[in-house]
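Subject: Handover of a structure, with notes

Dear colleague,

I am passing this structure on to you, and the notes that follow it are meant for someone who has not looked at it before. Please open it first and keep it in view while you read.

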Amino acid sequence: MPDLSGMDAARKLRETDREVTLIFITNLVQYAVDGYEVRALDFIVKPVLYYNFVIKLRRAVRERKMRLERAEELSLSCETGVHRVAISSVKYIEVVGHHLIFHTFDGDVDVCGSLRDMESELEGKHFSRCNNCYLVNLKYVTEIAADYCVVGGEQVQISRRRRKSFIDELTLFVGGG
């Protein structure tokens with residue numbers, strides 16, 4: 001690259017995206033050490049051999065996949081320790097007093113917290129409030145009735161005040177928006 005070294009380009013990439021996967025291809029092995037500065041995943045020394053390239057690329061894909069899976073989990077602190085819960089396994093979250101009860105396909109998890117904070121944390125993950133006590137995973141809503149919805153086989157109350165916005169969000173979700 002005439003105007004920018006690979007290390008300079010990597011630094012600029014890190015400024016805009018701290019999670020981008022970097023693999024250097026170089027003919028100078030001594031630059032491999034500099035790659036730790038920018039958290040490069042790996043290095044390929046020229047000439048590039050197909051077999052070596054495939055191994056490094058598979059490693060990069062595996063690392064990226066693991067990072068995405070971790071990003072889709074919640075770490076919940078409760079009396080018995082820390083529970084890691086996959087967001088996709090949460091049917092709905094119920095607030096009782098100052099406790100949040102995560103109703104999942106693997107059982108319930110009870111933690112201290114506020115529904116408002118959890119709603120913020122799950123923003124963009126297709127959860128919606130159907131009343132002041134429930135945050136529902138729209139993926140598992142199978143039925144809407146006059147004053148409740150069925151979520152993962154369980155009835156959850158819909159308040160009159162939140163009904164319209166809940167149905168609007170569900171319609172948008174089902175429609176792919």
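Predicted model: local features only at pLDDT ≥ 70, side-chain atom pairs only at ≥ 80, totals over all residues.

Residues are numbered from 1 along each chain as its sequence is written, and side-chain values use heavy atoms, with hydrogens and water left out.

Overall form

The protein chain contains 5 helices and 12 strands, these being DSSP runs numbered from the N terminus, with helices (H or I) of at least four residues and strands (E) of at least two. Its C-alpha trace spans about 70 × 40 × 30 Å along the principal axes. The radius of gyration of the protein chain is 23 Å, whereas a compact globule of 177 residues would have one near 16 Å; the radius is taken over C-alpha atoms, and the globule rule is 2.2 Å times the number of residues to the power 0.38. As one example of a separation within the chain, the C-alpha atoms of Met 66 and Ala 146, which are 80 residues apart along the chain, are separated by 42 Å. Met 66 belongs to helix H3 (residues 50-71) and, with 37% relative accessibility, counts as partly exposed.

Of the contacts in the protein chain with a separation of 6 or more, 37% are between residues 24 or more positions apart, a contact meaning heavy atoms within 4.5 Å. The accessible surface of the protein chain is about 11700 Å², and 53% of it belongs to carbon and sulfur atoms, as given by the Shrake-Rupley method with a 1.4 Å probe, where for residues only the protein chains shown count as cover.

Aromatic rings

A search of the whole structure gives 3 aromatic pairs, a pair being rings of Phe, Tyr and Trp (its six-membered ring) with centres within 6.5 Å, counted as stacked if the planes are under 30 degrees apart, as edge-to-face if over 60, and as tilted for the rest. One of them is the pair of Phe 24 and Phe 43, which is stacked because the ring centres are 5.4 Å apart and the planes lie at 10°. This pair links distant parts of the chain, with Phe 24 in strand E1 (residues 23-26) and Phe 43 in strand E2 (residues 42-45), 19 residues apart. Phe 24 counts as buried at 15% relative accessibility, and Phe 43 counts as buried at 15%.

Another pair is formed by Tyr 92 and Tyr 134, whose ring centres are 5.7 Å apart and whose planes are at 70°, so that the pair is edge-to-face. Here too distant parts of the chain are linked, since Tyr 92 is in strand E5 (residues 90-96) and Tyr 134 in strand E9 (residues 134-137), 42 residues apart. Tyr 92 is buried at 4% relative accessibility, and Tyr 134 is buried at 16%.

Cysteines

The count of disulfides is 0, a disulfide being a pair of cysteine sulfur atoms within 2.5 Å. For Cys 133, which is in no disulfide, the nearest cysteine sulfur is that of Cys 130, 8.9 Å away, and Cys 133 counts as partly exposed at 35% relative accessibility. Cys 149 is likewise in no disulfide, the nearest cysteine sulfur being that of Cys 130 at 4.7 Å, and Cys 149 is buried, with a relative accessible area of 0%.

Backbone details

A cis peptide bond, with omega about 0°, joins Lys 46 and Pro 47, and Pro 47 lies in the loop between E2 and H3. Arg 39, although not a glycine, has a positive phi of about 55°; Arg 39 is in the loop between helix H2 (31-34) and E2, and is partly exposed at 42% relative accessibility.

Technical notes: Buried < 20%, exposed > 50% of the residue type's maximum accessible area, 1.4 Å probe, protein only.
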